Amino acid sequence: MKYFLSVGEASGDIHAAELIKELKKVDTNAQFVYLGGDLMREAAGCEPVVDYRDMAYMGFSEVLRNLDKVFGNLRRAKEALRQSCPDALILIDYPSFNLKLAKAAHQLGIPVFYYISPKVWAWKEYRVKDIKKYVTKLYSILPFEVEFFKKHNYDVTYVGNPSVEEIEQRMTSLPSVDDFINQHNLEARPILALVPGSRRGEIRNNLPIMIEVAKRFPQYQAVIAGAPGIDASIYSGMSKLPVVTGVTFELMSVAQAALVTSGTATLEAALLHTPQVVCYRANGSKFSYNLFKHILKIPFVSLPNLIANREIVKEMLLHYCEHEGVALELSKVIPGGELHETQQTDYAYMRSRLGSNKAAETTAKLVYKKLSK
């Protein structure tokens, strides 16, 4: 069968690549057309229709500035969909773009599967209407999403969380602290990981705060997690701190603590038992914070807290994301801090709620089974 996959950011490239590998196992004749990156290229053995790095625009203003590129990418994707005539379209998050592609596939009579749901439970709940209309089946990687969609009379299947499996697989080959330091020419001191996100806008907004906080912890060497596809000048223009690119997971595994922009990395840090504080600056205004509180339909924004259904990592959002407040919260969870052991216990509780299913393997089998009927 032929599968058309669509992702729009680095994390999607990771998860889609694993799904491609699993689809190849259940379908030995599998062919792929995709929008994605290097990992999908390696897994699929062919070039993307569009590289996700040409799609990853964040926020209204950035999208507006690149509107011609956004529409151009969508036109190319729809044309590739029509020409390739796939047996299925598989979407990975990235809803603004992917739901438009889902509509196009639906009109062409192509079954649509969503692996890794848009965060409609947080905001833009109206998108549920489009999901119900255009998506044949949704496979969830967050257990609380099942109940959310049930309220909308839409049945979704929880397939496990890919981060759990990825971390368990990679734990066996993680470098030691000394090896990591030697590999990246770092100082022989404990590490504080700065993880400012994978998009240019996120990095511009959050990294300066993280750098200021790091100065208050001279016992640690701050190391920046560089994102694939981001030019080195973005980081060097902000500081002289060392940057290690494409090894965020390994960096967090050897770090004594981390400052993490809200996203998948917060869950990875929790699964690694790395003490963390969540930083999300955006424009930092109190007005925006109050607006978000009104719009958001959830008590938390970070995945560890949402999965545990209680606060296990401190979320420093918008105008609260300033260096003094973040530094205070970090001091509480680093080794020896008053909340260090509490956070570690809470991490274990969160892990228990995720179960043991292998997400990509389970999804591949379910998709193939449904298409084979």
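In this predicted model, helix H10 passes helix H16 in a right-handed crossing. Two packed helices are described by the angle between their axes and the distance between the axes. Here H10 spans residues 200–214 and H16 spans residues 323–333; their axes come within 9 Å and cross at roughly 60 degrees. That angle makes H10 oblique to H16.

The residues that form this crossing can be named on both sides. From H10, the contact is made by Ile209, Glu212 and Val213, and from H16 by His323, Val326, Ala327 and Leu330. Sorted by class, the contact of H10 with H16 has 5 nonpolar, 1 polar and 1 charged residues. An α-helix has 3.6 residues a turn, so residues three or four places apart point the same way. With this in mind, the reader may look again at Ile209, Glu212 and Val213 on H10, and at His323, Val326, Ala327 and Leu330 on H16.

The two helices belong to a chain that has 18 helices and 13 strands. How compact is the protein chain? Its radius of gyration is 20 Å, close to the 21 Å that the globule rule gives for 373 residues, so the chain is as compact as a globular protein of that length. Along the principal axes, the C-alpha atoms of the chain fill a box of roughly 60 × 45 × 40 Å. Of the 373 residues, 54% count as buried.

His15 lies in helix H1, which covers residues 10–26. Is His15 buried or exposed? Its relative accessible area is 6%, and because the cut-off for a buried residue is under 20%, His15 is buried. Leaving aside residues up to four places away in sequence, His15 touches Tyr115, Ile116, Pro162, Ser163 and Glu166.

Burial can also be followed along a whole helix. Helix H13, residues 264–271, is mostly covered, with 7 of its 8 residues buried. Which residues of H13 are buried? They are Ala265, Thr266, Leu267, Glu268, Ala269, Ala270 and Leu271. Just after H13, the backbone reaches His273, which takes a positive phi of about 60 degrees.

Conventions. Residues numbered from 1 in each chain as written. Predicted model: local features only at pLDDT ≥ 70, side-chain atom pairs only at ≥ 80, totals over all residues. Heavy atoms only, no water. Axes fitted to C-alpha atoms, helices over the stretch in contact; angles between N-to-C directions. Helix = DSSP H or I, 4+ residues; strand = E, 2+ residues; numbered from the N terminus. Parallel < 35°, antiparallel > 145°, perpendicular 65-115°, else oblique. Left-handed = near helix turned anticlockwise from the far one by under 90°. Contact = heavy atoms within 4.5 Å. Nonpolar A, V, L, I, M, F, W, Y, C, P; charged D, E, K, R; others polar. Rg over C-alpha atoms; globule rule 2.2 N^0.38 Å. Buried < 20%, exposed > 50% of the residue type's maximum accessible area, 1.4 Å probe, protein only.
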